[in-house]
Amino acid sequence: GLEGPSGLSIASKFAVPALTGEPLDEELAVNINYMASHPLQEQTMEETTARYNTPLNCASLSVPIVNQAIWGHIGGGVRAQEVKLQRVLRLLASGITAFARSVEGAPLSDTQQDAMALMCNAHFEINCIGKNAIHPAINPKFA
């Protein structure tokens with residue numbers, strides 16, 4: 001058969017093990033798995049994000065808008081990617097804001113601090129992806 005010396009099939013011998021942690025509550029896990037594999041309906045997404053606008057004192061969560069003079073000098077592919085990234089940044093900023101509102105006024109646990117740090121870092125990295133995509137596409141007079 002396909003069994004190797006340690007009882008592993010050929011496929012599993014070369015598979016990269018996934019890093020997994022302790023299981024979550026089953027109901028929570030089912031909900032997370034569903035939401036992570038199915039998009040929200042557009043109206044639901046718009047209504048939900050509208051409830052969590054970027055706080056006035058959290059300017060770094062604001063979704064950057066490309067200067068109109070620059071926007072006109074970048075290709076359509078880069079513009080389309082930037083629009084998609086801005087959408088993801090808006091969703092993430094609303095999620096960060098919702099999380100922050102849910103813990104506001106109380107000391108954050110280590111897990112909550114980790115969650116905030118990871119979400120904020122994801123926001124930072126997505127923002128950098130957008131900036132890095134625009135830079136090479138900018139007309140030299142805007143560089």
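The model is predicted, so local features need pLDDT of at least 70 and side-chain atom pairs count only at pLDDT 80 or more, while totals for chains, interfaces and linings use all residues. Residues are numbered from 1 along each chain as its sequence is written, and side-chain values use heavy atoms, with hydrogens and water left out.

Helix H5 comprises residues 76–103; helices here are DSSP runs of H or I with at least four residues, numbered from the N terminus. Its 28 residues should span 40 Å at 1.5 Å a residue, and the end C-alpha atoms lie 41 Å apart, which agrees; the expected span is 1.5 Å times one less than the number of residues. Just after H5, Gly105 adopts a positive phi of about 90°.

Gln86 of H5 is buried, with a relative accessible area of 13%, where buried means under 20% relative accessible area with a 1.4 Å probe, protein chains only. Beyond neighbours within four places in sequence, Gln86 contacts Val63, Pro64, Ile65 and Val66, contact meaning heavy atoms within 4.5 Å. The buried residues of H5 pack against helices H3 (42–50), H4 (68–71) and H6 (110–134).

The largest nonpolar core has 11 residues, among them Leu61, Leu89, Phe99 and Met116; such a core is a set of buried Ala, Val, Leu, Ile, Met, Phe, Trp, Tyr and Cys residues joined through side-chain atoms within 4.5 Å. In soluble globular proteins, nonpolar side chains tend to be buried together.

Key: Helices (H or I, at least four residues) and strands (E, at least two) are DSSP runs, numbered from the N terminus. Buried means under 20% relative accessible area, exposed over 50%, partly exposed in between (1.4 Å probe, protein chains only).
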